[in-house]
Amino acid sequence: MKLDKITRKLAEAFTHSIQFAEEQNNSEQTEEHIIYSILTDDSGMGEILLSHLNLDRIKFKNLARQAITKLPKVQGGMHIEPSRGLMAVVKQADTIRTELKDEYLSTEHVLAAFLSDSKTNLKSEFNREGLNYNNLTTSIRNLRKGKTVMDDSPETKIDTLKKYARDLNEQARKGKLDPVIGRDEEIRRIIQVLSRRTKNNPLIIGDPWCRQDCHCRRTCRKNYCRRCSRWNQEQIHICP
């Protein structure tokens, strides 16, 4: 097993977990430390995956923190070494990485390995709270859509539309879009383009004060209200 290719987030998690183990006067760097470090990051794969599963990352982070308080403590500045359990989890994570055909070892591999092979009470607590190996790996595959980890920053390539745009279809379903008066001819033309079998990506061009987003909002309102056109399942996003 080679650890020469790991993502930035995982490298940061390893460093943070060692520092936290030292702060807590623990004798070893354990699985609980690395899981706590992964879940501490609010922009990493832990947050992305748990959010996709409608689970609260903070809740699981606190469970990991509580588990760490029960670990053995020592006095004196001794050198922190990884525990056997942690080494087994990392080895299993590398196996999962190979199965997913990823180039880099990432935090989601470690999370999946922990939920797969860990013998700790923390894993059982995670299972009771609704996080297990099966739903995590399903979430990974759904978010990736067939892509693999080819560089050290996979987090930047997951759910980019949710990060940088607003889903107007979703806002229309929730009734959060204000009505738009007029623009009937433009809306009809947009709907005509969306209804095509090919070349169905409308491009709305105009001066900044023309409010091109009004066309998008009204189209989404019609989309939601009709529910009968072929294009009503298409997602329309607009950058803020």
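I listed the contacts of E31 (heavy atoms within 4.5 Å). Not counting residues up to four places away in sequence, E31 touches S83, G85, L86, V89, F114, S118, K119 and T120. This is a predicted model, where local features need pLDDT of at least 70, side-chain atom pairs count only at pLDDT 80 or more, and totals for chains, interfaces and linings use all residues. Residues are numbered from 1 along each chain as its sequence is written, and side-chain values use heavy atoms, with hydrogens and water left out.

I placed E31 in helix 2 (residues 31-40), a DSSP run of H or I with at least four residues. E31 is buried, meaning under 20% relative accessible area with a 1.4 Å probe, protein chains only. I found no salt bridge for E31 (side-chain nitrogen of Lys or Arg within 4 Å of a carboxyl oxygen of Asp or Glu). The nearest side chain of opposite charge, K119, is 8.0 Å away. A polar contact of 2.7 Å joins the side chains of E31 and S118 (N or O atoms within 3.5 Å, one able to donate a hydrogen and the other to accept it).

Next, the rings. I searched the whole structure and got 3 aromatic pairs (centres within 6.5 Å; planes under 30 degrees apart are stacked, over 60 edge-to-face, the rest tilted). F20 and Y36 are stacked, because their centres are 4.7 Å apart and their planes at 25 degrees. F20 sits in helix 1 (residues 8-23) and Y36 in helix 2, 16 residues apart. F20 is buried at 6% relative accessibility; Y36 is buried at 8%. F60 and F126 pair edge-to-face, at 5.0 Å and 85 degrees. Ring pairs link F60, F114 and F126 into a cluster.

Key:
Helices (H or I, at least four residues) and strands (E, at least two) are DSSP runs, numbered from the N terminus. Buried means under 20% relative accessible area, exposed over 50%, partly exposed in between (1.4 Å probe, protein chains only). Lys and Arg count as positive and Asp and Glu as negative; His and the chain ends are not counted. Rings of Phe, Tyr and Trp (its six-membered ring) pair if their centres lie within 6.5 Å; planes under 30 degrees apart count as stacked, over 60 as edge-to-face and the rest as tilted.
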